[in-house]
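Q: Could you walk me through how this fold is put together, starting with what the terms mean?

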Amino acid sequence: MLEKGNVTYLIGKDALRKSESRINQFNRILIITDINVNQHCVPVLKEQLPDTKISDIIIINAGEENKSLDQLCFIWNELTRLNADRDDLIINLGGGIVTDIGGMAAGTFKRGLTFINIPTTLLGMVDAAIGGKTGIDYDGFKNQVGLFVFPSCVVVDPIFLSTLEDIHWQSGFAEVIKYALIMDKDLWHKLDNRKYTEVDNWNVIIIKAARDKIDIVEFDKLENGLRKNLNFGHTIGHAMESYYLKSDNAVTHGMAVAAGMICEAWLSLKIFALECKNIKIVIEMIDKNFNRFDIEEKDIPEILSFMKQDKKVRGDKQNFSLLRKLGKAVHEVVVSDELIVESLKFYINRRSCE
């Protein structure tokens, strides 16, 4: 168990069982989840916490397209119908979409209800459920509206991973790779250039990656400095994700971040002279785990237009978090549109980094 500020973290095998006394001290317990998690993970939670009485379950639709104002209003309406108050506990049970929108709902309803996050996906366990970022997509832009509001507790238990579809293992693995590249060379060596399907020590990997996120959030809770390093791969990645949101071929967050990491590794080469051999190692690892998007050079202007809405834009200047070397990132690096375009061409055309 870790106590960081006002947040308690329970991480690793049997974390869910260890959370029972904390959960049961509340007057009433409400779960926010999605339709898939309700089917596959709520039974696991009930089995692990047999003495916990769940009063009600609010079920939203699954998928990134449902991280929306409509679904947020639906949750508020349900909380109103159920007469939820500040003596109640909200459990956000699910992946990043659930913890994002559920955290925003809890943080704003009646000016704030206590909530805990219990992530059920790899991405949620190592990234989305930790750090107090909540929000929704708006007007076609990723995470356009939201706020920082921290859960009282985060429970990371690998027991839920047995319920995951393969695509969600893959999506979360992008964030694990990110931590290895920006701050944790030991984690990079533990990954050992393997595919996510070949990793066998998930409990160790999850604990290590989650601790990386907790440590950096504790140092910079509101993303004023060092926490911005966590955006490596996300500046271009979020633009890619927004680009695909408008189509019938929506992609996972991890797929988009993987694409972003290739482009931003190339930018690191150009701006910080990161060794080409290291760029090749990074790209080989990502390509081993993710297929490239089928985008063309004619799509680049539209992707750039999505980037202009990124929260890191300051006075029309695009700020990036890039790699100075493997295991060390730097933030607030201004990159020109011309270089961004070249990085996307590098991705599309599979050019050599030399």
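A: Two strands pair if DSSP finds at least two bridges between them, and helices (H or I, at least four residues) and strands (E, at least two) are DSSP runs, numbered from the N terminus. This is a predicted model, in which local features need pLDDT of at least 70 and side-chain atom pairs count only at pLDDT 80 or more, while totals for chains, interfaces and linings use all residues. Residues are numbered from 1 along each chain as its sequence is written, and side-chain values use heavy atoms, with hydrogens and water left out.

Q: Which residue does Leu93 stand opposite in strand 6?
A: Leu93 stands opposite Ile118; strand 5 (residues 88–94) and strand 6 (residues 114–119) run parallel and are joined by six bridges.

Q: What is the strand order in the open sheet?
A: Its seven strands follow the order 1-2-9-6-5-3-4, with mixed pairing. Strand 1 (2–4) and strand 4 (56–60) each have a single partner strand, so one side of each lacks a neighbour in the sheet.

Q: Changing topic, at what angle do the axes of helix 12 and helix 13 cross?
A: The axes of helix 12 (residues 253–272) and helix 13 (residues 276–289) cross at roughly 175 degrees and come within 10 Å, where axes are lines fitted to C-alpha atoms, for helices over the stretch in contact (heavy atoms within 4.5 Å), and angles run from 0 to 180 degrees between N-to-C directions. The two helices are therefore roughly antiparallel, a term for angles over 145 degrees.

Q: Which residues of helix 12 make the contact?
A: Helix 12 contributes Ala258, Met261, Ile262, Ala265, Trp266 and Leu269.

Terms used
Parallel < 35°, antiparallel > 145°, perpendicular 65-115°, else oblique.
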